[in-house]
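Colleague: I am new to this structure and would like to go through a few points of its packing with you. Could you take my questions in turn and end each reply on what I asked for?

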Amino acid sequence: MKRMLSGIKPTGRVTLGNYIGAIRPFVSYQDEYEMFIFVANLHSMTIYQQPAELRKNTKDLIALYIAAGLDPNKVTLFLQSDVLEHAQLGWYLGCLASMGELSRMTQYKDKVAKGEVIGAGIFNYPSLMNADILMYDPDYVPVGEDQKQHVELCRDIAERFNSRYSETFKIPEPLVAKVGGRIMDLQNPTKKMSKSEETSKGCIYILDDINVSKKKIKSAVTDSESYVHFDPINKPGISNLLEIYSTLTNRTIEDIEQQYVGKGYGEFKNDLAEIVGSELEKIQTRYKEITTGSYLDDILEAGAQKARFVARKKLAKVERKIGITIKKR
Ligand code: AMP
Ligand code: TRP
């Protein structure tokens, strides 16, 4: 079985964008791959997190992964902070990355361009992500479009390490879904649907009240034409809704376009609102069951143990190769 790994930050509430771009694909991969999925809580610290909120978001995230269909018996599900080896390997890999490489990362560059006061964590962030990935030798790293650049840097760093110290890390491939990799804001479809947005009308949260989520779909911004057609440049709003429709129903965009020939946006949006509503309802029901009792704590402890087993071996290997370990085995 090929191995797959990905992480998701527990910052803010989980959105439909996260669900379609990240969580749902994981669920579809779990029977085909050996999977490691973790909550990147160390990464979330690059921006101040109100402690109580961080705790709640972390718990919700794990619960939502499971509620969305991830099976903890198939997938190794853990918290990044439970496996101390990540931070240590992150340090070594940070020493291999150049200032230039890290400065070219879009996420960092955007923040600098906006003139925001930023912590050093934002700059070092990719090195920790490199450690998260290389620790487990995954074949594939499923990520959203915005994270592809980080995985590409990860490949460069892995190659650099391997050529300097001998073959140690597998070179991972980023895996960006063709459809659903970038779900847009419902009110401003030229912008990514994001949990950090101030106004929430354009963003559906997985734990939104069902009626609220339906309303958000029905009041999504479209255009002045009235035919349902996929054209992200000229019809970004309707194209975004088509993408949501297509991913949630596993139907092709062409097939859906066909169904709405000669019908207006109203009918299309009403149908999509029902589809989104019933998807959220399923997840929310399961979420409520999972979040009672100690179920989540037990899952995380078991996941951390499995992850630590792999991480310890890998870190020991790295430390022997680079000369940090001085004792004979
Ligand atoms: P973030 O919410 O930025 O921490 O991202 C968590 C994961 O969800 C990453 O794999 C993102 O690329 C993905 N993601 C976040 N927002 C969207 C979106 N609007 N559309 C598709 N994928 C997304
Ligand atoms: N940087 C990712 C994000 O912002 C989260 C992340 C951290 C991650 N470590 C990772 C994703 C390793 C994939 C693999 O969404």
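Colleague: Are α4 and α13 roughly parallel or roughly perpendicular to each other?

Modeller: In this predicted model, the axes of helix α4 (residues 85-94) and helix α13 (residues 295-322) come within 10 Å and cross at roughly 30°. Angles under 35 degrees count as roughly parallel, and therefore the description that applies to α4 and α13 is roughly parallel.

Colleague: Which residues in α4 meet α13?

Modeller: On the side of α13, the residues in the contact are R308, A311, R312, L315, V318, E319 and I322. By class, the contact of the two helices has 6 nonpolar, 1 polar and 4 charged residues. The residues that α4 brings to this contact are E85, Q88, L89 and Y92.

Colleague: How is α3 set relative to α12, given that their axes come within 9 Å?

Modeller: The axes of helix α3 (residues 51-67) and α12 cross at roughly 120°. Angles of 65 to 115 degrees would count as roughly perpendicular and those over 145 as roughly antiparallel, so the term for α3 relative to α12 is oblique.

Colleague: How many charged residues does the contact of α3 with α12 have?

Modeller: In this contact, K56, D60, A63, L64, I66 and A67 in α3 meet I283, R286, Y287 and I290 in α12. The residues divide into 7 nonpolar and no polar, and the number of charged ones is 3.

Colleague: Is D132 buried or exposed?

Modeller: D132 is found in helix α7 (residues 120-134), and, leaving aside its neighbours within four places in sequence, D132 is in contact with L5, F38, H43, Q80 and H86. Of these, F38 is 94 residues apart from D132 in sequence, yet 9.1 Å apart in space, C-alpha to C-alpha. The relative accessible area of D132 is 2%, and a residue under 20% counts as buried, so D132 is buried.

Conventions: Residues are numbered from 1 along each chain as its sequence is written. Chains are lettered from A and ligands numbered from 1 in the order in which they are written. This is a predicted model: local features need pLDDT of at least 70, side-chain atom pairs count only at pLDDT 80 or more; totals for chains, interfaces and linings use all residues. Side-chain values use heavy atoms; hydrogens and water are left out. Axes are lines fitted to C-alpha atoms, for helices over the stretch in contact, and angles run from 0 to 180 degrees between N-to-C directions. Helices (H or I, at least four residues) and strands (E, at least two) are DSSP runs, numbered from the N terminus. Contact means heavy atoms within 4.5 Å. Ala, Val, Leu, Ile, Met, Phe, Trp, Tyr, Cys and Pro count as nonpolar, Asp, Glu, Lys and Arg as charged, and the others, Gly among them, as polar. Buried means under 20% relative accessible area, exposed over 50%, partly exposed in between (1.4 Å probe, protein chains only).
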